[in-house]
Amino acid sequence: MNQFVTLVVGGLFLGSIYSLVALGFVTVFKATQVINFAQGSVLLLGAYVIARAHDSIGFWPAVVLGVLAAAVAAVLIDAVFIRRVRDADLGTLAILTLGIDILLLTELTRRIGTDVLNIGAPWGSDVVEALGIRIPASRVIAGGVAMVLVAGFWAAFKFTDWGIAMRSAAEDGETASLMGIRLNRVAAAAWALAGALAAIGGLFLTSFPAAGVTGGVGLVALAAIPAVVLGGFDSPAGAVVGGLIIGVVSVLTAGYQQELSFLGRGLGGVAPYVVMLLVLLVRPSGLFGTREITRV
Amino acid sequence: MFRLATAIGVVVVLAALPLYLESFWLQTALFAMAAMVAAIGLSLLVGIAGQLSLAHAFFVAIGAYGYSYLAERIAPLLALVAAVLLAGLAGALFSPISGRVRGIYLGLASLGLVFLGQHILQNATGITGGYSGIAVPPFSLFGFSFSSTSPDSLVILGVPFGALERLWYLGVVLVAVAIWYGRNLVRSRPGRALATLRDSEVAAEVMGVDVVRYKAAAFCVSSMYAGLGGVLMALAFGRIVPESFGLLLSIDFLVMIVIGGAGSVGGAAAGALFVTALPLVLNHYSGSLPLLAEPGTGGVGAAEFSRFVYGAAIVAVLLFARDGLAGLARRIRKEKIA
C-alpha cells in the first residue's frame with residue numbers, strides 16, 4: 001500500500017511537469033491552430049541554455065536566461081516560418097514545425113554531443129520525506145511551480161484582456177480581427193508562453209532524478225503528446241489533467257515492473273501511449289475536447 | 001509512339017543498370033525502392049484520403065518481421081503475400097480509431113502505435129529476436145534464389161550477379177506494381193470517393209460515401225503498401241533490428257511525401273529517393289567533401305550535415321513550393337506547353 005501511495009504521489013509530481021509542456025502545446029494550438037512538434041527542441045534549448053550559463057552567472061539568472069531564450073525562439077518560429085503560411089492546413093503546418101524541430105534539434109545535439117550537462121539546480125539530489133513518502137525535492141518544487149503557473153494561466157485566460165483576446169481569436173479569428181484584436185500579437189504571446197513553459201518543463205525534466213541535459217531530452221518531451229491527446233486538443237484543463245494521468249501511469253507501470261514483467265521490459269515508456277489509444281477508442285475527441293459535430 | 005519509345009528506353013536502362021553500378025549504389029537503390037513502395041501507400045492515405053499517419057513505420061515493421069518469421073516456415077513468395085496481408089490486417093484492427101479520428105488528430109493518435117510496436121519488437125523475443133534482431137531469409141521464386149547462392153556464381157555479361165544485383169530486379173518490379181496500382185486507385189471510383197471525403201466529409205456523406213468505412217479502408221490499403229515496403233526493406237537489410245522501425249522512420253515517410261507532393265504517386269517515389277539516398281550518399285562521399293568534419297571533432301559531420309539538409313528541405317518545400325516536387329514538375333510542364 002505504501003509503495004502504491006508513493007508511486008501515485010511521485011506520478012502526480014512528474015505529471016505536473018508534463019502538464020506544463022502540454023499546456024504550452026494547447027495554448028499554441030488554440031491561438032494559431034498549429035500542432036507544434038518543435039516544442040521538444042525548444043524545451044531542450046531552454047534546458048541547454050540553463051545548463052551552459054549557470055556556472056558563470058549563477059543558477060537563477062541562468063533560469064531567466066533559459067526561459068527567455070526558449071520564449072524568443074518560439075516567437076521567432078512563429079514570426080519567421082508559421083506566419084508566412086498561416087492559411088495552410090493543419091497537416092502542412094505540423095510538418096513544417098517538424099522540419100524546424102529537426103534543424104534545431106540537430107544543432108543542439110551536435111553541441112551537446114555525448115556529454116551529460118549538469119543543470120546546476122541548488123536543490124541537487126535532496127529528497128523530501130513526509131508521511132512516510134520519499135520524493136525528490138526537485139519534483140516537489142516542480143509540482144509547486146506547476147500549480148502556481150497553471151493557476152496564473154487560468155486567471156490570465158479568464159480575466160485579463162489578453163485572455164479574452166486569446167479566447168476570441170481561438171473562437172473565430174476573422175471576427176476577432178475585425179473587432180480590433182491583433183491576431184499576430186495574440187499568436188506571438190501564445191508562442192512565447194509555450195516556449196517559456198517548455199523551458200521550465202525542461203529544467204525539471206533534467207533535474208534529479210534525471211541525469212542532466214542530454215540530446216535525448218527532446219524525445220522525453222514527446223510524452224506530452226499523449227497528455228494533450230488524452231485531454232482533448234483544445235482544452236487547457238484537459239492538458240493539465242492529461243499530463244497528470246500520463247505521469248501517474250508511467251510511474252506506476254515502471255514501479256510495478258516486477259509484477260507486470262509478463263508485459264515485457266521498459267513498460268513505463270510505452271504505457272502512456274497505450275492509455276492514449278484506449279481512451280481514444282472510447283472517446284475519439286479526448287476527455288475534455290470539443291466534440292466535432294457537423295450539422296447539415 | 002513517343003511514349004512507347006520512352007517506356008522501352010526506361011525498361012532497358014533499368015534492366016542494364018546492375019551491370020554498371022557498384023554495390024554501394026545498388027544497396028542505396030534497394031533501400032530507396034523499399035521506401036518508395038511504402039511512401040506511395042502513405043501518399044495515398046495523406047494526399048487522397050486526407051488522413052495523416054505517424055504509424056507507418058509500425059506497419060513497415062509488421063511487413064518486415066512478418067516476412068522474416070514466415071519465410072523460415074513457408075515458401076518465400078507465400079510469406080511475402082502473407083506479410084502484406086498481415087500488415088493490412090493490423091491496419092484494419094486500428095479501424096475503430098482510424099475511421100473516427102480525422103487528419104492530424106489521427107497522426108498524433110497513431111504515434112501510439114509506433115511506440116507500442118517498438119515495445120513489442122523489443123520484448124517478443126521468440127518472434128522478433130528482441131534487441132539483436134533476426135536474420136532475413138532470402139527471397140526465392142521457382143527455385144531461383146535472390147541471394148548469392150542457387151544458382152551459385154551466376155555471371156551475366158562478365159558481371160557476377162550476387163544478392164544485390166538480383167534483388168534490384170525484384171525491387172524494380174515491386175515499385176512498378178506499386179506505382180501502377182496506386183495510379184489506378186487514384187482514378188478509380190473508390191479513389192474519387194476518398195478525394196471527396198478529403199475535401200468535405202459532409203459532401204461525401206451526402207453523395208453516399210460511407211465515410212467511416214472508406215477512411216478505415218484507406219488506412220488498411222496504406223498499411224498493406226507499408227507491409228510490402230517492409231518486406232523489401234528486410235531483404236535489403238539482410239538482418240533487421242527494432243531500432244530501424246522507430247519514430248524517425250515514420251517521420252521520414254511523412255517528409256518523403258511532403259517533399260514529393262502529397263497525393264502524387266510519382267512525387268512520393270521521388271521524395272523517397274531523396275530522403276533515403278541523401279544520408280547514405282553524403283556519408284559515402286564525406287571523405288572528399290571539404291567542408292565536412294571528421295566525426296567526433298566537434299565540427300559539422302556528414303550525419304549532421306545530412307540532417308540539416310533534410311530539415312531545410314522540409315522547411316523550404318513547405319514555404320516556397322507547397323505542392324512539392326510533383327507540383328514543380330507540373331508547373332514546368334505547363335510553361336512548356338504555354
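This is a predicted model: local features need pLDDT of at least 70, side-chain atom pairs count only at pLDDT 80 or more; totals for chains, interfaces and linings use all residues.

Chain A comprises 12 helices and two strands, and 35 of its residues are in contact with 34 residues of chain B. The largest nonpolar core has 209 residues.

**Overall form of chain A**

- In sequence order, the elements of chain A follow the pattern α-α-α-α-β-β-α-α-α-α-α-α-α-α.
- The C-alpha trace of chain A spans about 55 × 50 × 35 Å along its principal axes.
- The radius of gyration of chain A is 19 Å, which agrees with the value near 19 Å for a compact globule of 296 residues.
- Of the 296 residues in chain A, 51% are buried.
- When contacts in chain A between residues at least 6 apart in sequence are considered, 75% of them join residues at least 24 apart.

**The contact between chains A and B**

- The two chains meet through 35 residues of chain A and 34 residues of chain B.
- On the side of chain A that touches chain B, helix H4 (90–112), helix H10 (224–231) and helix H12 (267–282) of chain A each supply at least two residues.
- H4(A) gives the most to this side, with 13 residues.
- By class, the side of chain A that touches chain B consists of 25 nonpolar, seven polar and three charged residues.

**The nonpolar core**

- In soluble globular proteins, nonpolar side chains tend to be buried together.
- Within the largest nonpolar core, of 209 residues, those that touch the most other members are A:Ala70, B:Met36, B:Val37, B:Ala39 and B:Ala109.
- Leaving aside residues up to four places away in sequence, B:Val37 touches B:Leu174, B:Val175, B:Ala178, B:Tyr225, B:Leu228, B:Gly229 and B:Leu232.

**Helix H12 of chain B**

- Helix H12 of chain B covers residues 247–260, 14 residues in total.
- From its first C-alpha to its last, H12(B) reaches 20 Å, close to the 20 Å expected at 1.5 Å a residue.
- How many of the 14 residues of H12(B) are buried? The count is 11, and the helix is thus described as mostly covered.
- The buried residues of H12(B) are B:Ser250, B:Ile251, B:Asp252, B:Phe253, B:Leu254, B:Val255, B:Met256, B:Ile257, B:Val258, B:Ile259 and B:Gly260.
- B:Gly261 follows H12(B) and has a positive phi, near 105°.

Notes
Residues are numbered from 1 along each chain as its sequence is written. Chains are lettered from A and ligands numbered from 1 in the order in which they are written. Helices (H or I, at least four residues) and strands (E, at least two) are DSSP runs, numbered from the N terminus. The expected span of a helix is 1.5 Å times one less than its number of residues. A residue is buried if 20 or more other C-beta atoms lie within 10 Å of its own, exposed if 12 or fewer, and partly exposed in between; C-beta atoms are placed from the backbone. Two residues are in contact if their C-beta atoms, placed from the backbone, lie within 7 Å. Ala, Val, Leu, Ile, Met, Phe, Trp, Tyr, Cys and Pro count as nonpolar, Asp, Glu, Lys and Arg as charged, and the others, Gly among them, as polar. A nonpolar core is a set of buried Ala, Val, Leu, Ile, Met, Phe, Trp, Tyr and Cys residues joined through C-beta atoms within 7 Å. The radius of gyration is taken over C-alpha atoms; the globule rule is 2.2 Å times the number of residues to the power 0.38.
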